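Here are my notes on the model, written as numbered points you can check on screen. Have the sequence and the structure open side by side while you read.

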Amino acid sequence: MQRPVIVLSTVALLALTASAWVASPVAPINEPIKLQLRTQVQPFHSNGPWVGAQFESAIVPAKTAIIITDMWDQHWCKGATHRVGLIAERMEPLLSLARGAGILIIHAPSETMEFYRDAPGRLLAAKAPHSPAPPELTFSDAPLPIDDSDEGCDTPGDKPHKAWSRETAALTIAPGDVISDQGQEIYNVLQQHHIDTVLFMGVHANMCILNRTFGVRQLSKWGLRCVLVRDLTDAMYNPASRPFVSHAAGTELVIEHIEKYWAPTTTSSGLTTAFKKTP
């Protein structure tokens with residue numbers, strides 16, 4: 001909490017919080033590492049049920065980025081704010097390992113770029129050479145398996161408003177990390193670094209993860225390989241709405257929807273194991 005007797009600039013605030021600039025970036029690793037991924041398939045096509053399927057795939061750290069989506073300091077929904085805090089606790093050590101493997105970290109706390117106006121990571125995004133987006137690929141899709149028309153808040157009485165001003169201070173923004181909330185800017189950065197695979201973590205799976213201009217839908221349409229880290233995400237879902245299941249079950253339904261139509265998923269433990277095996 002900022003002390004009332006001290007006036008600090010945005011950059012000074014960054015330097016005095018958990019988002020302070022820490023260790024220098026490392027050289028990217030060009031050797032592939034193996035990940036266990038999960039997807040959903042219909043073994044008998046449209047005539048049968050969907051089932052989960054595991055498979056192994058390789059990523060090259062030097063060609064991989066992590067996009068941290070909308071992990072704000074505060075959400076208008078208290079339940080969402082609480083769960084973001086829990087996710088951040090588990091995300092922070094994984095991000096440190098990812099940097100050590102040479103993976104590019106992109107912080108994307110939407111609608112907070114004024115806070116980061118003078119931050120080095122913000123300038124990295126703004127100054128990346130423009131790269132025209134390719135023709136969009138076409139994907140089949142289906143309606144979400146949950147009803148989030150009430151905005152999905154599970155804490156009664158909370159009303160939508162802009163409660164956020166920055167990314168949660170529980171996450172470090174290190175030298176070499178990028179800050180942006182614009183799809184074209186982020187695409188510029190990905191092309192600048194010759195990245196072909198993007199790992200998504202953050203919130204919310206049924207809204208921002210899917211639908212932001214840098215989200216899974218858009219980057220998939222631009223030909224990037226997208227992977228959702230399923231235990232480092234959450235959904236905006238109110239159990240009082242269809243299909244009337246618990247919040248955790250509603251989140252899992254959204255994750256399975258993404259696996260069916262947009263991207264496979266992995267876990268933080270799987271990533272941790274893979275990153276620790278890098279040289």
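1. Helices (H or I, at least four residues) and strands (E, at least two) are DSSP runs, numbered from the N terminus. This is a predicted model, with local features needing pLDDT of at least 70 and side-chain atom pairs counting only at pLDDT 80 or more, while totals for chains, interfaces and linings use all residues. Residues are numbered from 1 along each chain as its sequence is written, and side-chain values use heavy atoms, with hydrogens and water left out.

2. Start with helix α4, residues 183-192. The helix is mostly covered, as 7 of its 10 residues are buried. Those are Gly183, Glu185, Ile186, Tyr187, Asn188, Val189 and Leu190.

3. His194 is not a glycine, and its place is in the loop between α4 and β6. Is His194 buried or exposed? His194 counts as exposed because its relative accessible area is 61%.

4. Asp70 also deserves a look: it is not a glycine, yet its phi is positive, about 50 degrees. Asp70 lies in the loop between β3 and α2. With 1% relative accessibility, Asp70 counts as buried. For background, most residues other than glycine have a negative phi, and most peptide bonds are trans.

5. The one joining Val203 and His204 is cis, with omega about -15 degrees, and His204 is in the loop between β6 and α5 (208-211). The bond from Arg242 to Pro243 is cis as well, with omega near 10 degrees. You will find Pro243 in the loop between β7 (225-234) and α7.

6. Strand β4 is mostly covered, with 5 of its 5 residues buried. In a regular strand the side chains alternate between the two faces of the sheet. For β4 both faces are covered: Leu104, Ile106 and Ala108 are on one side, Ile105 and His107 on the other, and all are buried. β4 pairs with β3 in the parallel sense over 5 bridges; two strands pair if DSSP finds at least two bridges between them. Ile68, for one, has His107 of β4 as its bridge partner.

7. Now the cysteines. How many disulfides are there? The count is 1 disulfide, taking a disulfide as a pair of cysteine sulfur atoms within 2.5 Å. Cys77 and Cys153 form it, with their sulfur atoms 2.2 Å apart. The pair links distant parts of the chain, 76 residues apart: Cys77 is in the loop between β3 (64-69) and α2 (78-100), and Cys153 is in the loop between α3 (120-126) and β5 (178-179). The link of Cys77 and Cys153 is right-handed, with 85 degrees about the S-S bond. Cys77 and Cys153 are both buried. Cys208 is buried at a relative accessible area of 14%, and Cys226 is buried at 5%.

8. Next, the packing of α2 against helix α8 (residues 268-276). Their axes are 9 Å apart and the angle is about 35 degrees. Axes here are lines fitted to C-alpha atoms, for helices over the stretch in contact, and angles run from 0 to 180 degrees between N-to-C directions. The crossing of α2 and α8 is left-handed, which is to say that the near helix is turned anticlockwise from the far one by less than a right angle. Leu94, Leu97 and Ala98 of α2 meet Ser268, Leu271, Thr272, Phe275 and Lys276 of α8.

9. Last, His257 in helix α7 (residues 247-261). His257 counts as buried because its relative accessible area is 3%. Which residues is His257 in contact with, leaving aside its neighbours within four places in sequence? They are Asp141, Ala142, Pro143, Leu144, Pro145 and Trp262.

How values were computed:
Buried means under 20% relative accessible area, exposed over 50%, partly exposed in between (1.4 Å probe, protein chains only). Contact means heavy atoms within 4.5 Å.
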